[in-house]
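Hello,

Here is the structure we talked about. Please open it alongside this email; my notes follow below.

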Amino acid sequence: MNAPEKSISWFEQLPPPVARLVAIAFSLLVGGAVAVVLHYLLYRVGLPSRPFIYVAF
Amino acid sequence: MIFTTYWFLLFAALTVAGFWLLPRPGWRRWWLAAACVAFHAHFAGPAGVIPIVVLMVLTYAAGRSRRPWACVVAMITCVAALCFYKYALFLIGSLVAPLSPALAEVLTRNTMALMPNAPPLAVSFFVFEFVHYLFEVRRGGEPIRSPLDFLLFAIFFPSLVAGPIKRYTQFLPSLASAVQARAETGELAEGMRRIGLGFFKKVVLADNLTLYIEAGQPHFGADGLGERWLLLIAMALRILLDFSGYSDIAIGSARLLGVRLPENFNWPYAARNLQDFWQRWHISLTSWIRDYVYIPLGGNRHGPLRRVGNGLFAFALCGLWHGPAWHFIVWGVYHGVGLGICATYTRVPTAGPALARVFQKEPLAGWALTQLYAWVGWLLFFYPVSEAWQMARQLFGL
Amino acid sequence: MKTTASVPPTHGLPTIFQGRWFFVGLALGLIFMSGLGRRAARSDYHPNFTRFFPAISPEASYYPTVDEMCAIVRARCRPDQVLVIVGGNSVLQGVWQPADLMWSRRLQEELGERYCVINFALRGATPTDGGAVVAEVLRREYPRQIYIANEKAATGLFPLGGQTYRSIFWEAYFKGRLLSDRHRNEWVRNELTDRQNWAMTPEIVGSAWLDDVLRFHDFWNRLSFEKFNTVPSLFAPAPPALFSPRKLFTDEEPDGTNLTLDQRYLPAVRETEMKILRGTTILAYAPVAGGGWQMKAGLRGQLDNVYEQAFPASLHRRTLLLVGRDSSFFRHQLTAEELNRDEQGIHDMVTMLRAHGYAAMDYGADFTDEDYADRTHLAPVGGQKLADAVAREVRSMAEGLDYLK
């Protein structure tokens with residue numbers, strides 16, 4: 001009985017130099033995205049969780 | 001909101017850097033232990049540290065003794081501590097006050113005098129981990145010999161605050177592997193990616209949804225039907241993003257140290273039935289409830305009636321674990337009922353099998369019904385029973 | 001959500017997620033964002049700025065930064081002008097005065113082109129908040145400056161300001177942009193080492209240090225102001241308003257001019273207002289034999305201390321503090337003794353402030369019921385009167401400080 005064929009992802013079908021470039025680009029992009037999220041996180045962490053409610057007195 | 005503080009971000013960076021710079025496994029263990037102690041002391045304060053230290057010592061000693069009675073005593077003590085810190089006032093108010101308000105007042109006053117201002121940090125989580133540990137040791141599992149390893153199991157900072165609830169038989173080998181390993185950029189990157197994802201879900205999405213919900217909920221009844229459903233969707237998304245985001249941050253932080261924590265969420269809003277939902281939602285808690293409440297009660301081994309009863313009790317407890325309030329218990333029972341129906345509806349003559357065929361033919365129908373049930377259930381999770389009931393009726397235009 | 005483990009490479013191919021390049025991307029991303037933040041702070045992005053009205057203030061979860069406020073000043077004021085920064089609270093922000101009828105606008109008209117008036121008053125602020133910090137930061141760029149704030153009688157001034165706007169102080173302090181003042185440094189030390197603040201201190205210091213490096217506050221503030229907002233508030237809790245850039249939010253301050261008496265002085269709260277009015281001096285003063293009132297000795301000593309330390313000594317002369325009277329509608333309901341006490345409190349505060357080198361003046365003695373829009377805030381016509389009086393004082397200060405040579 002033949003073993004079922006293992007499906008090959010689109011990434012693995014790329015020629016190695018192209019795959020390497022794609023991997024670098026993807027990784028850079030994800031790194032950059034995480035940087036943006038962290039940068040935004042640092043901004044949001046600094047904001048009070050409850051807004052200031054002004055009451056005239 | 002411990003993860004969303006500057007202290008935590010700087011602390012985590014320092015801890016991870018120090019961990020990987022240290023060359024020896026022993027040193028890494030001590031470094032990590034010191035960091036976990038500092039983390040706990042900073043966020044728990046002195047009043048919060050003492051209970052966990054006491055329970056830690058007790059649990060460790062009971063485990064090392066390997067005596068079943070010692071494990072049982074320690075388990076009872078841990079559960080009693082949880083009940084005291086988290087549920088005492090609720091139990092007095094719910095069970096004693098209706099019978100004797102004067103006695104309830106005295107008990108409340110005396111209890112509050114003994115209690116700290118807030119329950120010890122993460123009491124629900126570390127008690128569950130201790131009970132798991134003692135249960136396993138009692139039934140023959142190997143106890144943790146090293147006090148340092150036990151300390152790390154007890155107050156491992158990534159998972160201390162909000163889970164995932166660890167199993168010591170998975171955690172310790174992972175820790176042992178981590179302290180021996182070399183830092184790998186792939187692992188670190190995966191940890192950072194996971195943390196980034198977690199913060200995105202929590203800070204960018206969930207926190208904004210929270211404000212939207214808080215602004216919209218007071219005029220829920222006055223809003224149109226569409227707006228009410230939008231608010232419900234927002235609630236459902238918020239809790240998933242908030243909780244899974246926190247889990248992502250915990251799992252990612254652990255991954256930065258080379259430690260693998262169990263997954264806690266697996267696309268729960270893709271579930272096609274309620275059983276599937278509870279295998280995808282807060283996985284570490286539901287598996288704990290299954291292993292240490294449902295199965296010891298008999299599970300599904302004593303017929304459908306007992307199965308449903310065990311399930312109801314287990315889920316009532318699951319609900320109560322989330323908070324000391326009746327609506328949490330009702331929410332748990334609501335899901336217990338749903339699960340009971342899910343497990344037994346096929347036995348209903350004619351209609352049961354017919355319905356099963358419909359769900360098989362149209363998976364979307366099962367999915368829609370499951371999500372509708374779960375999402376409407378969130379009203380019970382967030383609001384008192386009467387308010388949740390009114391909101392549910394308003395959702396359906398009643 | 002469950003992650004899948006990365007597929008191990010087959011026949012020499014890399015995995016799609018490369019750790020090393022991820023960190024390169026992360027580092028480059030942070031450097032880039034930091035650069036954007038520095039760039040964001042360099043220029044003014046409030047082209048129509050009049051004041052920090054509620055929708056662009058901490059009430060709407062918008063916290064202006066020091067650089068943002070400095071840029072507002074630089075875009076409007078030449079270094080050769082006398083910079084007049086209005087700080088203080090809602091009274092000086094011009095509550096009940098629409099933007100075109102703001103008292104500080106009238107002040108600018110009165111003072112003329114040699115002066116440049118910027119209103120940085122913030123609701124609920126103290127005299128050392130917000131505008132005070134910016135004025136000090138700009139002391140070298142704008143050496144000819146006057147800072148104006150207000151406070152009630154028998155009230156202390158604290159170097160670190162109030163909690164709501166303290167982030168502006170911390171930002172300037174930790175970036176080293178304030179004068180080094182021994183007293184204030186001690187206040188900072190006490191604040192940061194106070195056991196009650198053990199949780200907040202790392203947040204304050206950590207936030208300031210990280211923002212100094214990564215400039216996230218400036219960047220995301222500017223983005224939320226100009227392009228799209230991401231922080232919900234009571235003003236914009238849900239989409240689409242939530243995502244609207246804050247520049248589209250308008251100053252909707254109502255006009256207190258044509259309010260009826262009952263609208264100005266709501267009957268339901270008059271009793272409470274009277275309690276507040278009496279409360280200003282009731283605890284601070286004791287009657288003296290033969291009639292009259294005297295400030296309690298202990299309090300006088302404390303107030304002297306804080307007045308001296310509130311601002312660095314070199315800034316006292318250029319600081320004008322206004323001590324206001326509440327509306328005559330309520331003051332006329334005081335007994336003669338209470339009125340005397342109130343007047344004594346105002347007189348004492350002005351005297352004490354002047355003794356510490358500040359310029360100080362009271363206002364409201366000749367104001368009518370219609371000059372006020374409620375117990376404490378001025379209607380446009382009252383604001384004009386205030387502007388006229390303050391303008392005289394500012395001109396006098398400018399001459400005394402040799403600003404006009």
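Chain B first. Chain B has 17 helices and zero strands. Its radius of gyration is 22 Å, close to the 21 Å that the globule rule gives for 398 residues, so chain B is as compact as a globular protein of that length. The C-alpha trace of chain B spans about 65 × 55 × 45 Å along its principal axes. Of its 398 residues, 41% count as buried. Take the contacts in chain B with a separation of 6 or more: residues 24 or more positions apart account for 68% of them.

A word on confidence. This is a predicted model. It scores ipTM 0.86 and pTM 0.87. Chain C has a mean pLDDT of 92, and 97% of its residues reach 70 or more. Watch residues 1–13 of chain C, where the pLDDT is below 50. Beyond near neighbours in sequence, that stretch has 17 contacts in the model.

Now the sheet in chain C. Five strands form an open sheet in the order β2-β1-β3-β6-β7, and the pairing is parallel. Which strands sit at the edges? They are β2 (115–119) and β7 (359–363) of chain C, and each pairs on one side only. Neighbouring strands of this sheet are turned by 20 degrees against each other on average, direction ignored.

Two helices to look at here pack on that sheet. Helix α14 (residues 336–355) of chain C touches β6 and β7 of chain C. Its direction makes about 165 degrees with that of β7(C). Helix α15 (residues 380–400) of chain C touches β1, β3, β6 and β7 of chain C. For α15, too, the angle with the direction of β7(C) is about 165 degrees.

Next, strand β3 of chain C, residues 145–151. Seven of its seven residues are buried, so the strand is largely enclosed by the rest of the structure. In a regular strand the side chains alternate between the two faces of the sheet. Both faces of β3(C) are covered. On one side, C:Q145, C:Y147, C:A149 and C:E151 are buried. On the other, C:I146, C:I148 and C:N150 are buried.

- Strand β1 (residues 82–86) of chain C is joined to β3(C) by four bridges, and the two run parallel. C:L83 has C:Q145 as its bridge partner. C:V86 stands opposite C:I148.
- Strand β6 (residues 319–324) of chain C is joined to β3(C) by five bridges, again parallel. Here C:N150 stands opposite C:L322.

Last, the chain contacts. How many residues of chain B and chain C take part where they meet? The contact takes 22 residues from chain B and 19 residues from chain C. On the chain B side, the elements that give two or more residues are α1 (6–21) and α9 (185–216). α9(B) gives the most, with twelve residues. That side of chain B divides into eleven nonpolar, seven polar and four charged residues.

Chain C also touches chain A. There, 37 residues of chain C are in contact with 29 residues of chain A. On the chain C side, α1 (19–42), α8 (200–214) and α9 (216–226) give two or more residues each. α1(C) gives the most, with ten residues. The residues on this side of chain C divide into 22 nonpolar, 13 polar and two charged.

Best wishes

Key: Residues are numbered from 1 along each chain as its sequence is written. Chains are lettered from A and ligands numbered from 1 in the order in which they are written. This is a predicted model: local features need pLDDT of at least 70, side-chain atom pairs count only at pLDDT 80 or more; totals for chains, interfaces and linings use all residues. Two residues are in contact if their C-beta atoms, placed from the backbone, lie within 7 Å. Ala, Val, Leu, Ile, Met, Phe, Trp, Tyr, Cys and Pro count as nonpolar, Asp, Glu, Lys and Arg as charged, and the others, Gly among them, as polar. The radius of gyration is taken over C-alpha atoms; the globule rule is 2.2 Å times the number of residues to the power 0.38. A residue is buried if 20 or more other C-beta atoms lie within 10 Å of its own, exposed if 12 or fewer, and partly exposed in between; C-beta atoms are placed from the backbone. Two strands pair if DSSP finds at least two bridges between them. pLDDT is the predictor's confidence in each residue, from 0 to 100. Axes are lines fitted to C-alpha atoms, for helices over the stretch in contact, and angles run from 0 to 180 degrees between N-to-C directions.
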